[in-house]
Amino acid sequence: MAAVSVKGAVLVLVLTAVAYIGGLFFLSLPLVFLPFSPVIYRRINDVTVSLWLRLVPALLELVFGVKVKIAGDLQPIKGPCLIVMNHRTRFDWMFLWCYLIRLGDLCTHKVILKSSLKKIPGFGWAMQAAHFLFLSRKWASDEKYLTESLAYFRDYPVQLLLFPEGTDLSESNKLKSQQYAEKNGLPKYEYVLHTRTKGFVHCLHEMRRGGAAVPVIDMSVAYVGPIPQNETDMLGWNWPQEIHFHVKQAPPSELPEDEGGLEEWLKQRWDEKEQLLERFYADNKFSGTYMSEEDINCPRLQMISLFIFWGLYFLLQFYLLYFYFSFVCCFYCLTSVFFIVVNCFTSGTDQIVLKIHQCTVRQQH
């Protein structure tokens with residue numbers, strides 16, 4: 001148990017150090033470009049954040065030995081898309097990076113998350129700079145925020161992850177979903193929750209504006225071994241031995257145009273997903289063709305290069321700290337105060353970026 005606990009502590013410590021120390025340095029410096037060139041600011045931030053996102057699969061796979069397996073449609077995802085995935089655990093969105101490092105684009109990847117994650121020091125600040133979307137689960141306010149953010153993304157096409165279930169598959173959430181199903185004459189699910197279709201329909205409509213061809217990626221995630229449901233499991237290293245992804249790519253031509261049709265399409269996908277996951281947990285594998293081991297191992301050199309990059313970065317920080325202690329401490333204190341003040345007196349750097357974008361668009365017209 002002690003060794004397992006050490007693994008969890010090491011993972012959390014490394015990710016926190018990179019998010020906080022790396023984030024304060026790499027994400028604060030591009031702010032100087034924001035008033036003058038929002039395009040340069042966005043590009044620098046997206047590349048910088050992707051260096052942190054790639055660290056998660058590198059640690060899980062190369063250091064801790066978690067196996068990743070991918071089945072279904074094995075073509076790379078190119079260009080903007082909407083990814084819909086079942087929400088088995090609070091960490092599904094991080095595990096997805098193990099898929100995207102192979103077949104997606106982590107530089108343009110964005111996630112829709114709950115607003116409570118937004119103000120976590122280090123992690124939350126980095127996710128704001130990455131322009132992840134944070135919802136309060138109150139549609140009156142979320143609708144406007146989503147519309148403005150997705151309008152912004154039309155200038156910076158993204159691969160957007162949405163959890164249509166709205167929350168993870170904890171026992172209490174599953175009970176609520178089953179009670180809802182019983183009340184409304186719907187089937188009771190064991191492996192997924194009933195979806196909330198409004199956000200899905202709105203996101204896809206907004207991403208389609210201007211005639212954009214936006215496919216939907218129907219992603220199913222499942223695990224072999226322990227499933228980390230919460231942060232306690234993460235620290236205790238109650239983590240899976242294998243992460244399996246099953247992918248179905250729905251091109252725009254296969255998707256309905258109207259709201260009712262999209263709602264029904266999503267509900268049918270979740271009926272199929274329940275059956276797919278039931279079969280998976282009976283056999284510990286998805287049906288269909290899996291990606292070859294050779295292709296699965298392709299990102300290993302990239303992951304090793306990432307370790308070298310972050311190792312050199314922290315060596316540089318230790319060097320600067322040793323020879324320029326006062327300056328380095330002053331820098332990190334001031335940048336920390338900046339992000340704290342921004343989050344206390346505004347809605348966050350992501351909202352500031354939206355306002356600047358809106359002003360720029362108005363000036364252009």
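Q: How do the residues of the lining of the second largest cavity divide into nonpolar, polar and charged?
A: They split into seven nonpolar, two polar and no charged. Here nonpolar means Ala, Val, Leu, Ile, Met, Phe, Trp, Tyr, Cys or Pro, charged means Asp, Glu, Lys or Arg, and the others, Gly among them, are polar. This is a predicted model, where local features need pLDDT of at least 70, side-chain atom pairs count only at pLDDT 80 or more, and totals for chains, interfaces and linings use all residues. Numbering runs from 1 along each chain as its sequence is written, and side-chain values use heavy atoms, leaving out hydrogens and water.

Q: What makes a space in this structure a cavity, and how many cavities of 30 Å³ or more are there?
A: On a 1 Å grid over the protein atoms alone, a cavity is a set of points where a 1.4 Å probe fits but cannot get out; a lining residue has an atom within 4 Å of a point.

Q: Which residues line the second largest cavity?
A: Among them are Ala 19, Tyr 20, Trp 125 and Phe 339. Helix 1 gives the most, with five residues. Helices are DSSP runs of H or I with at least four residues, and strands are runs of E with at least two, numbered from the N terminus.

Q: What gives the most to the lining of the largest cavity?
A: Helix 1 again, with six residues. Gly 23, Leu 27, Val 49, Trp 52 and Ala 126 are the closest to the centre of this cavity, and its lining has 12 nonpolar, three polar and no charged residues.

Q: How do you know that the radius of gyration agrees with a compact globule?
A: The radius is taken over C-alpha atoms, and the globule rule is 2.2 Å times the number of residues to the power 0.38. For 365 residues a compact globule would come out near 21 Å, and the protein has 21 Å, so the two agree.

Key: On a 1 Å grid over the protein atoms alone, a cavity is a set of points where a 1.4 Å probe fits but cannot get out, and a pocket is an open set with protein on both sides within 12 Å along at least five of seven lines; lining residues have an atom within 4 Å of a point.
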